Amino acid sequence: MIKILVDSSSDLTKKEAEEKGFLFVPIGISLGGKEYEDGVDLTKDEFFDLLVNGGEFPQTSQPSPQVFLDLFEQAKADGDEIIAILLSSALSGTYQSAVLAKQMADYEGIHVIDSLTATGVIRVIADYAKGLADEGRSGAEVAELTEVFKSRVHVIAMMDTLEFLQKGGRISKAAAMLGDMARLKPLITLTKDGGVGVIGKALGKNKAMSFLLKWLEEHPVDETYPRYSVFTCGTENCGQFEEKLEKHGVATEQRIQLGAAIGSHIGPNAFGIVYVEKA
């Protein structure tokens, strides 16, 4: 049997992952003087409440190689294969932990994929891989086709504030203050290298939405795959964006709340879309 493994950067909870038949590995979060397991004992709403009101910037910790090794050894004993689709190596050491665990397990049935992305993008990639496995493909085939497919899945989003980029050390305090005073809204994506990249800047929310719609025209949606709207906390902006998307012929199937992996840097009231680009 081929099993799909994701980590909590997929923004699936442990329960949701298990309902899909996925194996699940949580990423650790240190926040408010406490340690949490993302997707297990900390909800997204609780996370954003602590982020916005707690006064402390969260620290994430990658799963240890041992966490992966336990799952890999069990698969080896059972004669199963694992397709592990994990948080971008540019954002975390989670992928490296899994690679090390694979070496320790010494089992060719383990296929570790650096998604070079996060959030609902991983969810789309994992569902694609599961579909291939359900067709009866071999583990090697599933891994190979998934590696090709992952480059077509994107997330684009608007940040409502620069405050949390500043708190995370990505920009200076002065730059954050000036940007927020000017109502500057950065438009971001996850780049081909797996990092967070700015694809544009807009003055105000409405212009930001127009920018994202134009981006989708230039990078068209493949409607044979799911489209998910995404938000951090506060759904008003996301709801308005969904209405504009629908008027432009892009209907989303589900709304996904971003978690700690990306949400800690982009803060509240952010919104965007996860989609597969036409080949």
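The model is predicted, so local features need pLDDT of at least 70 and side-chain atom pairs count only at pLDDT 80 or more, while totals for chains, interfaces and linings use all residues. Residues are numbered from 1 along each chain as its sequence is written, and side-chain values use heavy atoms, with hydrogens and water left out.

Let us start with helices that pack in pairs. Helices here are DSSP runs (H or I, at least four residues), strands are E runs of at least two, and both are numbered from the N terminus. Two packed helices are described by the angle between their axes and the distance between the axes. The axes are lines fitted to C-alpha atoms, for helices over the stretch in contact, and angles run from 0 to 180 degrees between N-to-C directions.

Look at α3 (residues 65-78) and α4 (residues 94-105): their axes come within 8 Å and cross at roughly 45 degrees. The two helices are therefore oblique to each other; angles under 35 degrees count as roughly parallel, over 145 as roughly antiparallel, 65 to 115 as roughly perpendicular and the rest as oblique. Contact means heavy atoms within 4.5 Å, and among the residues that meet are Phe68 and Phe72 of α3 and Leu100 and Met104 of α4. Sorted by class, this contact has nine nonpolar, two polar and three charged residues. Ala, Val, Leu, Ile, Met, Phe, Trp, Tyr, Cys and Pro count as nonpolar, Asp, Glu, Lys and Arg as charged, and the others, Gly among them, as polar.

Next come α5 (residues 120-134) and α6 (residues 139-149), which pack at about 145 degrees with axes 10 Å apart. Their contact includes Tyr128 and Leu132 of α5, and Leu145 and Thr146 of α6. Here the classes are nine nonpolar, one polar and no charged residues. Thr146 counts as buried because its relative accessibility is 0%; buried means under 20% relative accessible area, exposed over 50%, partly exposed in between (1.4 Å probe, protein chains only). Beyond its neighbours within four places in sequence, Thr146 touches Ile85, Ile113, Ile125, Tyr128, Ala129 and Leu132.

Finally, find α10. Its twelve residues (236-247) should span 16 Å at 1.5 Å a residue, and the end C-alpha atoms are 17 Å apart, which agrees; the expected span is 1.5 Å times one less than the number of residues. Buried residues of α10 include Phe241 and Leu245, and their cover includes α9 (205-218) and β12 (254-257). Just after α10, Gly249 takes a positive phi of about 80 degrees.
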